[in-house]
Amino acid sequence: METIVELRDVTKVIKGKTIIDQISFQVNKGEVFGFLGPNGAGKTTTIRMIVGLMGITSGDIIIGGSSIKSQFENAVGHIGAIVENPEMYKFLTGYQNLVHYARMSKGISKEKIAQTVELVGLSDRIHDKVKTYSLGMRQRLGLAQCLLHDPAVLILDEPTNGLDPAGIREIRDYVRLLAREKNMAVIVSSHLLSEMEMMCDRIGIIQDGRLVDVQLVREFVHDGNGVSYELEVIPAEKALNLFAVNYPNHKANHSRNGLTVELSKEEMPSLVKLLAAEGISIYGIKEVAKTLEDRFLEVTSEKEAVDRG
């Protein structure tokens, strides 16, 4: 895949404090890259540096082959972005807003505006004043604004903030469509991990200003450290104690119906025999798929433990 965005040892220091510490990663054309991290981890600061709203202390950001530091206009010309909330002139119509923004770039025709409006699903309301728009409609208008000049990179910082489930699904579908149909690189920052799991191809996790990991979503979620199984057993406390003694290197926790254990499929029959031999009643066993949220919390809590140690 062709790389369109590259961060090279990007560092940001503010008032003597290192906010972003030597972050490096690449984003390719045609992929949705999720940027995850706890509040205050440095997501928005990194995005602000990518779009040129904040200077870089050291390192560089290359967009479409141009440096954001030394070739600023060429670099940002490849970008369309919504950082935090899209700002519109509420006393103008949606169409008038887009015409106004179109004047800032060369060669945007009325036909192009109409195509973009149709793409984001605002054709029926584009001539209404923005003050009458719902939050979801304003987000879609902001998306249209970003797409007018056919950017190679779309950056969305918390694009689903305040949206209802239908609005969130719409944004997710538009993002996937743009990556697939337009071969656009999309960088999305969000705290809604379930949505990121459905939306993104790869994710980068940032914590305390440092990049913890970059992986394909499916590889990150299914990290190879065993599968989780929920066992419906009675008595659960006795089963948990037996597991702890016989499998000291594996995790187990109480669940609503009994206990959840992390074991490979091949190890489950021996566990079942052990529990049955000790008089524990087994009413059911089911595999429990990890979610992006589960893995995210595991990775960030592990890093916190290492840092404290």
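Is Cys 146 buried or exposed? Cys 146 is buried, with a relative accessible area of 3%. This is a predicted model.

## The sheet

Six strands make up an open sheet with mixed pairing. Their order is β6-β7-β8-β3-β9-β10. The edges belong to β6 (79-82) and β10 (210-216). Each of these has a single partner strand, so one side of each lacks a neighbour in the sheet. From one strand to the next, the twist averages 15°.

At one end of the order, β9 (residues 202-207) pairs with β10. The sense is antiparallel, and the pairing runs over six bridges. Within this part of the structure, Gly 204 stands opposite Val 214 in β10.

## A helix on the sheet

Helix α5 (residues 135-147) packs on the sheet.

## Cysteines

How many disulfides does a search of the whole structure find? The search finds zero. Cys 146 is in no disulfide. Its nearest cysteine sulfur is that of Cys 200, 17 Å away.

A disulfide requires the two sulfur atoms to be within 2.5 Å. Cys 200 has 7% relative accessibility and so counts as buried. The cut-off for buried is under 20% relative accessible area. Cys 146, at 3%, is buried too.

Technical notes:
Residues are numbered from 1 along each chain as its sequence is written. This is a predicted model: local features need pLDDT of at least 70, side-chain atom pairs count only at pLDDT 80 or more; totals for chains, interfaces and linings use all residues. Side-chain values use heavy atoms; hydrogens and water are left out. Two strands pair if DSSP finds at least two bridges between them. Helices (H or I, at least four residues) and strands (E, at least two) are DSSP runs, numbered from the N terminus. Axes are lines fitted to C-alpha atoms, for helices over the stretch in contact, and angles run from 0 to 180 degrees between N-to-C directions. Contact means heavy atoms within 4.5 Å. Buried means under 20% relative accessible area, exposed over 50%, partly exposed in between (1.4 Å probe, protein chains only).
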